[in-house]
Amino acid sequence: MPHESALAVLSDGATACWASDTAAFRAGEWVLVTAACGGAGSLVVQLARAAGTRVVGAASGRLKLDRVRALGAEAVVDYSQAGWADRVRDVTDGAGASVVVDGTGGRLAEIAYSTLADGGTFVSYGVCDGPAVDVDEREAAARGIGMRRLVGCAAPRDDEQRLTRRALDLVRRGELTPLIALTIPLDRAVDAHILLEQRAAAGKVLLVVGG
């Protein structure tokens, strides 16, 4: 496979496979994926679709939403716009999502959690928007909601290597495609950081050494 594709899934591929295994996707259920245009989120969208789920991809801006839809999301919502949680409920006919896979944390994660159906599962792997969502455990238990977090607890080394190999194999077979926004020479690394801080990259940003 191209070196860029391999690089793009070395870390995010293991994370996405962990999230997929943890969520235990079921065909026909609604799955909300936040940060759906990110390195890991875009892979989760594809894994969820491959399992036969109906994906709602949440991202910000038309370019990112278009790319998420191209990855197979049945519906997309812009979480830079007010009322996006209501849009998720509308899309799911008022039932809410059976699974939320969140890579944001913070306020976005709190809103995503509010769209979760009773008996659903909330899977958290990232905190780019703030701390992991703080949920009332008694309320979650009463609603039958399962909480699964990767944040703050690294997977065992053997598991990480196994999941990475699996992700690479899926890419090699053409069953998973990393979403690469652009490649930037290493001496322009500051530009890459600016793009990430501004959330202006629709996909993974790779730093390239040499020509």
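Predicted model: local features only at pLDDT ≥ 70, side-chain atom pairs only at ≥ 80, totals over all residues.
Does Ala85 count as buried or exposed, and at what relative accessibility? At 9% relative accessibility, Ala85 counts as buried; here, buried means under 20% relative accessible area, exposed means over 50%, and partly exposed lies in between (1.4 Å probe, protein chains only). Residues are numbered from 1 along each chain as its sequence is written, and side-chain values use heavy atoms, with hydrogens and water left out.

**View 1. Ala85 and its contacts.** Ala85 sits in helix H5 (residues 84–91); helices (H or I, at least four residues) and strands (E, at least two) are DSSP runs, numbered from the N terminus. Setting aside neighbours within four places in sequence, Ala85 is in contact with Ile111, Ser114 and Thr115, where contact means heavy atoms within 4.5 Å. Arg138 is 53 residues from Ala85 along the chain, and their C-alpha atoms are separated by 23 Å.

View 2. Thr115 counts as buried because its relative accessibility is 2%. Its side chain reaches the backbone oxygen of Ala112 at 2.7 Å. Beyond four places in sequence, the contacts of Thr115 include Leu32, Val88 and Gly96.

**View 3. Leu32 and the nonpolar core.** Leu32 touches Thr115 too, and among its other contacts, not counting residues up to four places away in sequence, are Val56, Trp84 and Val101. Leu32 is also one of the residues with the most contacts inside the largest nonpolar core, which has 62 residues. Such a core is a set of buried Ala, Val, Leu, Ile, Met, Phe, Trp, Tyr and Cys residues joined through side-chain atoms within 4.5 Å.

**View 4. Aromatic pairs.** Rings of Phe, Tyr and Trp (its six-membered ring) pair if their centres lie within 6.5 Å; planes under 30 degrees apart count as stacked, over 60 as edge-to-face and the rest as tilted. By this rule there are 2 aromatic pairs. Tyr79 and Trp84 form an edge-to-face pair, at 5.8 Å centre to centre and 70 degrees between the planes. The ring centres of Tyr113 and Phe122 are 5.8 Å apart and their planes are at 70 degrees, so this pair is edge-to-face. Tyr113 counts as buried at 10% relative accessibility, and Phe122 counts as buried at 0%.

**View 5. Helix H3.** The 12 residues of helix H3 (residues 39–50) should span 16 Å at 1.5 Å a residue, and the end C-alpha atoms are 17 Å apart, which agrees; the expected span is 1.5 Å times one less than the number of residues. H3 is mostly covered, with 10 of its 12 residues buried, including Gly39, Leu43 and Leu47. Just after H3, Gly52 takes a positive phi of about 90 degrees.

**View 6. Strands S2 and S3.** Strand S2 (residues 54–59) and S3 run parallel, joined by 4 bridges; two strands pair if DSSP finds at least two bridges between them. Ala59 has Asp78 in S3 as its bridge partner. Both faces of S3 (residues 75–78) are covered: Ala75 and Val77 are buried on one side, and Val76 and Asp78 on the other.

Conventions
Polar contact = N/O pair within 3.5 Å; in protein donor to acceptor, adjacent residues only side chain to side chain.
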